[in-house]
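Reader: Could you walk me through this one feature by feature? I would like the general idea each time, and then the case at hand.

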Amino acid sequence: MMNWMMAATLVGCLFVWTSCSNDDDAVTPQPRPETEFAALLKTLDWGNDTCFVYGHKTPDVDAVASALTYARLMQLMGYNCKAKVSSAINRETDYIASVFGFALPELKSSVEPQTRLILTDHSEYAQCVDGAREAVVLQKIDHHIEGDIADSGVAFVRREMIGATTTIIYEMFKEQGVAIDDETARVMLAGIISDTRNLSKSATCAIDTLALTALAAQLNISADSIARLNRGMVEAASDYTGMTDADIFLSDYKEYDISGRSIGIGCLLSKQAETENFINRMLAVMPELAEQRGRQIMLCMIDEQIENTGDDRDVNPYLSGDMYIVYYGEEAKALVEAILGPSLREGVGYTSQGMSRKKLVSLITDLLNQ
């Protein structure tokens with residue numbers, strides 16, 4: 001059986017890429033007429049050292065892609081910025097970086113007090129690099145609701161409730177008249193494909209479609225090739241080979257502090273035939289993880305994948321099926337049932353409609369703020 005790493009090699013053969021360097025020191029700022037945003041950047045307290053650009057902890061493709069591409073934009077506009085990750089990347093990110101040949105950010109798990117930061121794809125201290133509370137957050141670029149890093153305390157915030165944070169950065173390149181080189185275009189394309197699941201997720205907006213289409217055209221990548229890339233990314237995201245149940249739960253996991261409650265939410269994929277066993281395994285491991293991570297409420301969103309028997313199964317082997325929300329902790333049952341209705345059984349909620357983590361967090365926030 002061909003695994004996703006072998007698939008990465010085969011898919012990579014469909015494209016001719018040069019290896020993309022993550023050497024930020026060689027970037028030469030692009031001259032251009034000054035915009036209002038460029039003038040605002042000059043007023044920020046950049047300090048004397050490098051400003052680090054971070055996506056959220058347990059970084060997915062959009063978190064990594066948005067950090068890389070926003071650091072690139074800042075470099076091209078004349079600022080000393082470098083993308084970093086605060087924890088290990090997931091298998092989907094490793095897959096698409098291998099296919100597209102771009103270098104991943106270096107791991108830097110904590111920062112010193114007064115370090116200058118730019119945050120992408122998150123707005124919660126629980127999801128930040130360690131030390132962020134004592135750092136200086138200069139900017140936030142995000143597509144989620146405002147978290148406990150208040151917008152009012154940050155000099156520049158760009159928030160759009162769209163499919164991918166990387167799409168916002170695509171917009172900003174265009175608005176500032178900064179050319180998107182092919183290396184940056186590949187990273188952007190990866191982020192948008194992943195976070196919109198090739199434009200199929202409910203949060204996808206017209207600007208996501210426009211950005212993906214334009215980037216694919218620039219790179220001369222066909223729609224069929226995009227679908228194959230998406231397939232490879234899904235396969236990599238759902239490959240839990242060799243992982244413990246705790247590792248699986250934490251492979252796509254975010255933490256939130258909402259109205260005095262500490263909440264952890266994992267998002268996982270499960271083949272239809274394996275779903276019941278998968279639910280039971282996550283139920284068994286969640287109490288231990290809740291204690292380890294100091295979370296009062298633990299939720300696990302399990303998106304069931306149904307084998308596609310249609311004509312397009314070669315490029316789209318699985319269809320989204322039902323979604324299960326496995327829960328643990330005080331108030332967890334009440335929250336899940338307020339959103340989904342009565343549980344299927346103790347610890348397991350269900351919806352046939354599907355739901356993004358972003359939407360779930362918004363609903364939980366509304367309920368807890370009542």
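**Reading the fold**

Author: Two strands count as paired if DSSP finds at least two bridges between them. This is a predicted model, in which local features need pLDDT of at least 70, side-chain atom pairs count only at pLDDT 80 or more, and totals for chains, interfaces and linings use all residues. Residues are numbered from 1 along each chain as its sequence is written, and side-chain values use heavy atoms, with hydrogens and water left out.

Reader: Which residue of β8 is the bridge partner of Ile258?

Author: Arg261 is the bridge partner of Ile258. The hairpin has two residues between its strands, and Ser259 there takes a positive phi near 50°.

Reader: How should I read a positive phi?

Author: Most residues other than glycine have a negative phi. Ser259, in the loop between β7 and β8, is a residue other than glycine with a positive value. Leu199 is another case, with a positive phi of about 70° although it is not a glycine. Leu199 sits in the loop between α6 (182-196) and α7 (206-219).

Reader: How many helices and strands does the protein chain have?

Author: The protein chain has 12 helices and 11 strands. Helices (H or I, at least four residues) and strands (E, at least two) are DSSP runs, numbered from the N terminus.

Reader: In what order do the six strands of the open sheet run?

Author: Strands of a sheet pair through backbone hydrogen bonds, either parallel or antiparallel. Here the order is β3-β2-β1-β4-β5-β6, and the pairing is parallel. The edges are β3 (106-107) and β6 (156-159), each with a single partner strand, so one side of each has no neighbour in the sheet. Strand β1 (residues 51-54) and strand β4 (residues 116-120) pair over three bridges in the parallel sense, and Phe52 has Leu117 as its bridge partner in β4.

Reader: What does Ile149 touch?

Author: Contact means heavy atoms within 4.5 Å. Not counting residues up to four places away in sequence, Ile149 touches Leu119, Ser123, Glu124, Tyr125, Cys128, Lys140 and Val154. Ile149 lies in the loop between β5 (136-142) and β6, and is buried with a relative accessible area of 3%. Ile149 and Cys51 are 98 residues apart in sequence and 18 Å apart in space, C-alpha to C-alpha.

Reader: And how would I read a helix?

Author: An α-helix has 3.6 residues a turn, so residues three or four places apart point the same way. In α5, nine of the 11 residues are buried, so this helix is largely enclosed by the rest of the structure. The buried residues of α5 include Thr165, Ile169 and Phe173. Thr165 has 0% relative accessibility; leaving aside neighbours within four places in sequence, Thr165 contacts Asp62, Ser66, Thr120, Asp121, Ile141, Asp142 and His143. For contrast, Ala334 lies in helix α11 (residues 332-340) and counts as exposed at 55% relative accessibility.

Reader: What does the radius of gyration say about the protein chain?

Author: The radius is taken over C-alpha atoms, and the globule rule is 2.2 Å times the number of residues to the power 0.38. For 370 residues, a compact globule would come near 21 Å; the protein chain has 20 Å, which agrees. The C-alpha atoms fill a box of roughly 60 × 50 × 35 Å along the principal axes. Of the 370 residues, 53% count as buried. Among contacts with a separation of 6 or more, 68% join residues 24 or more positions apart.

Technical notes. Buried means under 20% relative accessible area, exposed over 50%, partly exposed in between (1.4 Å probe, protein chains only).
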